[in-house]
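Notebook open. I went through the model one topic at a time and wrote down what I looked up.

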Number of protein chains: 2
Amino acid sequence: MPDFLYNGKAYYNPVEFAMDRLGGTWKMPILWRLKDRVHRYSELKKSIAHISDKMLITQLRELEADGFIRREVFAVVPPKTEYSITDKGRLAIPIVETIRNFGIQLMALEGIDIDDYK
Amino acid sequence: MPDFLYNGKAYYNPVEFAMDRLGGTWKMPILWRLKDRVHRYSELKKSIAHISDKMLITQLRELEADGFIRREVFAVVPPKTEYSITDKGRLAIPIVETIRNFGIQLMALEGIDIDDYK
DNA sequence: CAGTTTACTTACAAAAAAGTAAGTTGCGAA
DNA sequence: TTCGCAACTTACTTTTTTGTAAGTAAACTG
């Protein structure tokens with residue numbers, strides 16, 4: 001397995017490259033919400049339990065920098081910002097779904113109640 | 001999205017549950033090797049560039065505790081230990097492959113050379 | 001009896017990710 | 001003139017993950 005550099009960072013394999021973009025506690029939950037419809041910042045905040053402003057905004061910014069989502073600001077007061085998924089971001093949805101289904105499968109194996117996810 | 005507890009830890013969604021088991025720098029590379037054949041500790045060490053003894057052994061232990069791999073010790077000197085994937089671990093392989101393919105796709109989009117992974 | 005081999009183990013340090021809490025902006029409403 | 005709203009921003013701390021380096025065990029070899 002050869003190494004490669006991207007934006008000054010060394011990666012050892014494609015899994016690491018992918019997870020550097022999709023990984024962490026919050027990115028996949030965000031993409032999962034945006035796959036169905038546009039969300040305002042405050043809607044994401046309400047929809048994703050436990051996330052703090054700091055985490056929400058940093059993850060949104062990183063997803064935007066990676067081209068997975070797009071941010072549209074409206075010049076109104078109080079402010080309004082809408083986040084939506086891009087075509088590139090849509091490429092990630094099947095992967096998120098695969099991971100999610102695997103999680104549900106593992107949860108079922110461990111006897112964790114799954115009904116909320118069906 | 002409801003929370004749930006497992007082994008004293010709170011999870012917010014199935015993705016987090018799955019990634020708690022498959023995530024980190026080394027677990028998927030290990031499973032990816034074991035999918036084809038049994039490996040001795042030293043073979044994994046040689047095969048996975050940059051991994052330290054500490055990381056290799058801790059990740060192997062966690063994968064074993066989660067039932068994804070199995071460890072067989074031979075009573076010989078110098079020691080010999082073989083690691084192999086379990087049926088449960090095999091369930092993870094398609095997920096690893098999906099993530100890996102997505103990583104390759106992203107790398108291609110960024111103009112990173114992909115030939116080594118085909 | 002010192003050296004070699006393999007699979008670990010341990011202590012410690014560094015880096016990365018995540019969390020907490022408080023503050024900022026601009027304007028329309030009360 | 002103060003208040004509230006929505007979308008951030010900042011400073012700081014804690015937690016988690018990863019890395020580094022050195023050491024151990026047990027038996028066979030020369």
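I began with DNA strand D: the surface near it takes at least two residues each from α3 (41–47), α4 (53–65) and β5 (80–85) of chain A and from α4 of chain B. Helices (H or I, at least four residues) and strands (E, at least two) are DSSP runs, numbered from the N terminus. This is a predicted model, in which local features need pLDDT of at least 70, side-chain atom pairs count only at pLDDT 80 or more, and totals for chains, interfaces and linings use all residues. Residues are numbered from 1 along each chain as its sequence is written, while chains are lettered from A and ligands numbered from 1 in the order in which they are written.

I listed 18 residues around it, of which A:Ser42, A:Pro78, A:Thr81, B:Gly24 and B:Val77 come nearest. "Near" here puts the C-beta atom, placed from the backbone, within 6 Å of the strand. By class I noted seven nonpolar, five polar and six charged residues. Ala, Val, Leu, Ile, Met, Phe, Trp, Tyr, Cys and Pro count as nonpolar, Asp, Glu, Lys and Arg as charged, and the others, Gly among them, as polar.

Strand C next. DNA strand C is also surrounded by 18 residues, with A:Gly24, B:Ser42, B:Pro78, B:Pro79 and B:Thr81 the closest. α4 of chain A and α3 (41–47), α4 and β5 of chain B each give at least two residues to that surface.

I then compared the chains.

Helix α4(B). I found B:Gln59, B:Leu60 and B:Leu63 buried. Buried means 20 or more other C-beta atoms within 10 Å of a residue's own, exposed 12 or fewer, and partly exposed in between, with C-beta atoms placed from the backbone.

Last, B:Tyr83, which sits in strand β5 of chain B. B:Tyr83 is buried, with 21 other C-beta atoms within 10 Å.
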